[in-house]
Amino acid sequence: MTKNLKILLASPRGFCAGVERAIEIVERALEIHGPPVYVRHEIVHNKHVVESLRAKGAVFVEEVSDVPDGAVTIFSAHGVAEKVEIEANDRGLPVIDATCPLVSKVHKEGQNHAQKGREVILIGHAGHPEVEGTQGRIPGGVHLVQTPEDVAHLRVKDPKALSYVTQTTLSVDETRDTINALKNRFPAIVGPDVKDICYATQNRQQAVRDLCTRVDLLLVVGAKNSSNSNRLREIGGEIGVPAYLIDDASMLDPKWLDGVATVGITAGASAPEELVQELIRRLGEFGDTQVEELKGVQENIVFKLPRELNDGTGPHAGA
Ligand code: SF4
């Protein structure tokens with residue numbers, strides 16, 4: 001099959017500041033301490049990132065109990081429950097926390113609500129590591145809801161003393177619907193509108209909306225377990241564009257290109273740009289391609305490294 005394909009790239013796409021920071025934390029820890037360093041859970045949800053760090057000497061474990069005594073231990077960008085931190089401290093493990101500062105901000109918000117005597121509702125996906133971390137950071141526990149329908153089934157102690165926080169990587173629109181359902185049922189509830197949804201998630205979702213008005217097919221580079229990547233694929237579906245979430249170019253099915261003149265590509269916040277470039281090269285095997293990057297929001301957010309790694313010389317110094 002020989003085709004003329006136009007390829008439109010969403011902007012922004014791919015790595016966010018929290019993912020860049022988390023990867024840099026592991027790399028710096030390896031430089032400073034030497035391998036191995038132990039990382040609890042995938043540092044970010046991308047197997048290519050995980051494999052490349054593993055090749056440099058990172059060891060990925062499920063639980064703190066899998067870390068040998070005295071070994072440098074890194075918590076992933078998704079954050080951890082307090083009990084995980086306590087376990088690591090009790091064992092005297094040297095811990096470096098790669099939790100994204102925007103996730104930590106949600107933890108603090110939830111804790112403040114709880115301190116003021118409000119029950120906390122978390123809008124998020126059950127089982128996601130960020131949700132488990134946030135649930136395990138808020139004294140007294142949280143109610144987890146995912147959809148407006150879940151709100152109807154909530155049973156709370158005092159409807160006048162309620163608050164909510166949200167996972168950082170949800171769909172902006174769905175979250176707004178769920179917040180509205182909460183406000184309708186509990187008019188006194190307090191919370192941040194959709195502001196907990198992080199800048200990177202919001203920007204990538206808006207970019208994909210713009211992209212989908214102009215393409216016949218949407219390809220999202222990202223991992224199946226990446227929350228923000230899944231939301232990007234869903235947006236394509238909502239707009240009526242066939243949309244696929246793929247780990248990398250090897251997953252491209254040539255049948256998807258039947259009748260397609262313009263392909264849109266984006267990437268989740270944990271997907272490296274080299275995977276996008278590989279996909280563009282792969283599409284080039286089907287014929288002539290013309291690549292254009294759409295104009296989007298310029299992102300210039302950088303997060304400081306944890307103090308124990310920031311020697312003042314790195315790109316994040318003073319950020
Ligand atoms: S997606 Fe947002 S919250 Fe998650 S690591 Fe990136 S910047 Fe942080």
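Pro12 sits in the loop between strand S1 (3-9) and H1, with helices (H or I, at least four residues) and strands (E, at least two) taken as DSSP runs numbered from the N terminus. The peptide bond from Ser11 to Pro12 is cis, with omega near 0 degrees. The model is a predicted one, where local features need pLDDT of at least 70, side-chain atom pairs count only at pLDDT 80 or more, and totals for chains, interfaces and linings use all residues. Residues are numbered from 1 along each chain as its sequence is written, and side-chain values use heavy atoms, leaving out hydrogens and water.

Back to the backbone: the Pro35 to Pro36 bond is also cis, with omega near -5 degrees, and Pro36 belongs to the loop between H1 and S2. Most peptide bonds are trans, and most residues other than glycine have a negative phi. His41, in the loop between S2 and H2, has a positive phi of about 70 degrees although it is not a glycine. For Asp193, in the loop between helix H7 (172-185) and H8, phi is near 55 degrees. His41 is buried at 16% relative accessible area, while Asp193 is partly exposed at 33%; buried means under 20%, exposed over 50%, and partly exposed in between (1.4 Å probe, protein chains only).

Arg204 counts as buried because its relative accessible area is 1%. Leaving aside neighbours within four places in sequence, its contacts (heavy atoms within 4.5 Å) include Pro12, Arg13, Cys16 and Glu299.

Next, the nonpolar cores, meaning sets of buried Ala, Val, Leu, Ile, Met, Phe, Trp, Tyr and Cys residues joined through side-chain atoms within 4.5 Å. The largest has 32 residues, of which Val26, Val37, Ile43, Leu53 and Ile74 touch the most other members. Helix H1 (17-33), strand S2 (37-40), helix H2 (47-56), strand S3 (58-61) and helix H8 (199-212) each supply at least two residues, and H1 gives the most, with 8. Apart from this core lies another of 22 residues, among them Leu9, Leu219, Ile246 and Leu252.

Leu9 is also one of the contacts of Ile280, along with Ile7, Ile265 and Val291, once neighbours within four places in sequence are set aside. Ile280 is in helix H10 (residues 273-284) and is buried, with a relative accessible area of 11%. Ile280 and Ile265 are 15 residues apart in sequence and 8.7 Å apart in space, C-alpha to C-alpha.
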